[in-house]
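Work through the exercises below with the sequence and the 3D view open. Try each task before you read its solution.

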Amino acid sequence: MRFLDEFINYMSSVDAAKLFRMFWFFFIFEFFRFFLIEISTIIFWKFDSIFRKKGIADARLSLLKSQPLVSIIVPGRNEGKHIFKLVNSLKEQTYQNFELIVIDDGSDDDTAVICRNLEHNGMINAFYRNDVRGGKASAANLGLRYARGEFIVHFDADCSYDRDAIENILVPFFYNPKIGAVGGNVQVRNYKESLCATLQALEYYDTISIGRITTSELGIYRVISGAFGAFRKEALDRLGGWDIGPGLDGDITVKIRKLGYVIHFEPTAVCQTSVPVTFNRLIKQRLRWDKSLIRFRLRKHRDVFIPNDSFRFSNFISFVENVTYNLILNVKWYFYLLDMLFNFTSQLVFIVPMNIVLYTVNNFMKFLVFSPFRDRKNEGITYFLIYIPLMVFYFGYFLRIVRTTAYIQEIFFKASYKDNWNPAKSSRQAKALKL
Amino acid sequence: MSLKVVPQSIEIRNNKIEFENLLFFIIDSTSSVKIEPLIGYDAIIIDSKDADFAKLILRKIRGHYNPEFYLKPIFLINYKESKDPILQNMNDGIIHSYDQLKDIADVAKQIFLKTTQLDYQLVATFEAQMVKKVLNYMYTRDLKTLKPIPDLNSAIGYTYPEISVNFDSAEETQVLEILGWGEKEGLIWPDFFERIYLCNNCNGGFLSYREVCPHCNSSNSSAQDLVHHFPCAYIGPLSDFRNTIDNSLTCPKCNKALRHIGVDYDKPSIIHHCNNCDKNFQDFFVKAKCISCTQDIEVQYLIPKSINIYKLTKRGRTAAANGFLSSGREVEDIFGAISMPVFKTLLHYEIERIKDNTEQKSSIAIINIENILELYKKTGKKGEKSILENIVNLVRENIRTTDFIAFENSSTLYLGLINCDYLQSEADLLNLKTLIEKLIRNNFNDFEVKINFKVKLLQPFNKSEFQLDELTKELFD
């Protein structure tokens, strides 16, 4: 109680200038970017959607009239157990003019038997198998090679989709012909399985549902999730499909942007996925994801920063925003920590809790303010409210440390080339060719 | 009258040779192919270089329903070697000149001796009769096993000469059914030899297995290796990489030349392209096209059959000489007819009844359709039952409701004709004979059945079994 009194006394004695000096990191970067910009963009988007309503309705009509063939490609390894469920759920889709192509990337379980059986029974249009594992990109490219559709929809086998998900993800192509790819809204299905999964559900709410509406509106949307994304086949054919991963989802998005297409996020095209339920697994997943920022943004696509013939301002901003808020601020956060450590040593005992309070208040505010903007909610707001105080530790500390580790591993050791997510034969070649 | 060049001690007159108390008949290429006149001869010699002619005669004799024909010793002279299993296995000896007549006479005598030891009691069904026939043949020839022989002329690809001789090559699957029946009855014991697959439409065994497109069933497809280029993750058929100018391999995505398999590229699988429907697939269907009926069948729907080497069991060896009782359930199941035990019981009651009413006259009759086995060979088991049902229907319609019918076997039936004297009964039977002949003729392409019947007045003081035996003897003797 005594500490609380002292803490309140101290904080009330601090003037605005000193408050800003002590929490500059929060005010300049976090609050500005992840609250002010997001809320203003969301409000604009909501307002703008009133005017877009007719255009969207016309686009939907146009889609349903023209009924273009859509190729759903589902690359995967040892995913046979999920395929039957997926096939059944696809029967429920409101848009039915699709061909389902499943690609088995050298599974060593019963995937081939299951899928061949489904193919023979007409439940899968085509099943292709690489007897030798080639990596997810090659599996997706095999599907693309034999796809006949005008649009390609990329699915993950272990995800499930709203019954209007395919229809909704296709509508934007008919609303704006410049759109080359559309990302779906990925939500967490297993959010009740563990604390780890619940925190990720909150994160996905923030970074995907809201974050991607914002980046899409600002024209800087940069990762179409592999779990649910739709592409013009023409665009993918021009690119020759996906390149070696990890991080191939972000890579293909950048490549499509470079072709001059607009990338769009469609919040009504909902997909549910299962996230890692243990922190160990989550760490592995995030290390892989975060390494790709260095490998693809700073190495492979560094030309985006260079003004040349193919330079596009939106691509530049997208990259700058991505690099700034992920890499630079991550490093800067440690500067902030040192700054506090050396310059406010005696007040550190108040600054740390204050920081936690600020972030927690901000998280509550964001959750409550953004909730009305979400079309879909897995659970009532109350379920998640009690977990929000944990988000500061999850997002501010846990994920930041994982990210830092990933950056160090990739910058100094090029660890992504050793990741067994990709077969060694491909990684060796990618490393040698600096891809 | 014709004379052949033979040793002086042997004279051939009108194709007949008498030798050591045996009367041989020589069938040569100029002879009639009618075999009925051969019944009086002890053995047959087929004197022909024409394998087809020799086979035709062998088939006719060995395929006959009457043991006096099918057990007859048959020898070949001037035989031009043939691979035909019937010709090779269903003769009793081959001689090169009439000097060897002594040798075949001994064989014929042995067969003749064994033939006299056989029991010819009738068995109930067509299968039973066929098995009995085979057992009799094996007994008289000292054969212990029935061996399958690969045969291009058989519809199933294998033939059992001893039993197949009774059937056209197209009806070979019936042979398997009959052998199966013999196995079920414990007369023969199977030793696995081979498994075959038959068409589910026509039972044909000549199948052409093909890899076909799962979408359109066409076998017009071409296969290509899939090539995976590691550096750019492009994957596609080899033709995507083939440079048309210099035939080198270049990646269509990144334009790099493919250098070393396993290092910068590999071939993870194969893809098929259907030239008919233009679709691509990896897992083709395997289908079997029946050469006989052209039906295209998925292999899982083919009918698997075991081809076995059959050995005579102890029961089979005894049955070969002494005959056997088959269950006869099939003929008892025919609606409108009663089983033989019931028939005998009813006959017993009738005898008791006429004992007290001497004025009352009742009759019993037996009808035997001599060559109906020939018909069953064509119709198979299902056909056999259907023919019997139709005969019973016909008989029932033309006798009184108090009369009763029972099958002794699938070619012989008994009738109990109540309050019907001999003359009336004989007239009824004559009428039935005509009707049955007409029924078969109209339904089976003018097939002429040979029907024999016998009628007897029921005697009040003789037992039913005795009277039935007397009736049967009178018919067959």
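## Exercise 1: Salt bridges in chain B

The side chains of B:Lys102 and B:Glu20 form a salt bridge, 3.6 Å from N to O. The model is a predicted one.

**Task.** Find where B:Lys102 and B:Glu20 lie, and say which parts the pair ties together.

**Solution.** 
- Step 1. B:Lys102 is in helix 4 (residues 101-116) of chain B, and B:Glu20 is in the loop between strand 2 (16-19) and strand 3 (22-28) of chain B.
- Step 2. Check accessibility. B:Lys102 has a relative accessibility of 38% and counts as partly exposed. B:Glu20 is also partly exposed, at 31%.

**Task.** Which distant parts of the chain does the pair B:Asp142 and B:Lys114 link?

**Solution.** 
- Step 1. Confirm the bridge. The side chains of B:Asp142 and B:Lys114 meet at 2.5 Å, N to O.
- Step 2. Locate the partners. B:Asp142 sits in the loop between helix 5 (126-141) and strand 7 (145-146) of chain B, while B:Lys114 belongs to helix 4 of chain B. They are 28 residues apart.
- Step 3. Check accessibility. B:Asp142 is partly exposed, with a relative accessible area of 48%. B:Lys114 is partly exposed as well, at 21%.

## Exercise 2: A salt bridge within a helix

**Task.** How many residues apart are A:Arg52 and A:Asp48, and in which helix do they lie?

**Solution.** 
- Step 1. Both residues lie in helix 3 (residues 24-66) of chain A.
- Step 2. They are four residues apart, about one turn of the helix.
- Step 3. Is A:Arg52 buried or exposed? The cut-off for buried is under 20% relative accessible area. A:Arg52 has 15%, so this residue is buried.

## Exercise 3: The interface of chains A and B

**Task.** Describe the interface of chain A and chain B, starting with how many residues of each are in contact.

**Solution.** 
- Step 1. Count the residues. In chain A, 29 residues are in contact with 25 residues of chain B.
- Step 2. Take the area. The two chains bury about 2100 Å² between them, and 56% of this is on carbon and sulfur atoms.
- Step 3. Find the main contributors in chain A. A:Arg145, A:Tyr146 and A:Gln429 lose the most area to chain B, together 24% of what that side buries.
- Step 4. Look for charge pairs. Four salt bridges cross the interface of chain A and chain B. A:Arg145 and B:Asp240 meet in a salt bridge through their side chains, at 2.4 Å from N to O.
- Step 5. A search over all chains finds 41 salt bridges.

## Exercise 4: A sheet and its helix in chain B

**Task.** In what order do the four strands of the open sheet run in chain B?

**Solution.** 
- Step 1. Read the order. The strands run 20-21-19-22, with antiparallel pairing.
- Step 2. Find the edges. Strand 20 (404-409) and strand 22 (451-457) of chain B each pair on one side only.
- Step 3. Note the twist. From one strand to the next it averages 20°.
- Step 4. Check one pairing. Six bridges join strand 19 (residues 363-369) to strand 21 (residues 412-417) of chain B, and these strands run antiparallel. B:Ala365 has B:Leu415 in strand 21 of chain B as its bridge partner.

## Exercise 5: Two residues of chain A

**Task.** Is A:Leu90 buried or exposed, and is A:Gln347 buried or exposed?

**Solution.** 
- Step 1. A:Leu90 is found in helix 4 (residues 80-90) of chain A. At a relative accessible area of 2%, A:Leu90 is buried.
- Step 2. Beyond its neighbours within four places in sequence, A:Leu90 contacts A:Ile72, A:Gln96, A:Phe98, A:Leu100, A:Phe155 and A:Ile166.
- Step 3. A:Gln347 lies in the loop between helix 12 (313-343) and helix 13 (348-370) of chain A. A:Gln347 is buried too, at 17%.
- Step 4. Leaving aside neighbours within four places in sequence, A:Gln347 is in contact with A:Tyr10, A:Lys18 and A:Met22.

Terms used:
Residues numbered from 1 in each chain as written. Chains lettered and ligands numbered in written order. Predicted model: local features only at pLDDT ≥ 70, side-chain atom pairs only at ≥ 80, totals over all residues. Heavy atoms only, no water. Helix = DSSP H or I, 4+ residues; strand = E, 2+ residues; numbered from the N terminus. Buried < 20%, exposed > 50% of the residue type's maximum accessible area, 1.4 Å probe, protein only. Contact = heavy atoms within 4.5 Å. Pairing = 2+ DSSP bridges. Axes fitted to C-alpha atoms, helices over the stretch in contact; angles between N-to-C directions. Buried area = accessible area lost by both parts, 1.4 Å probe.
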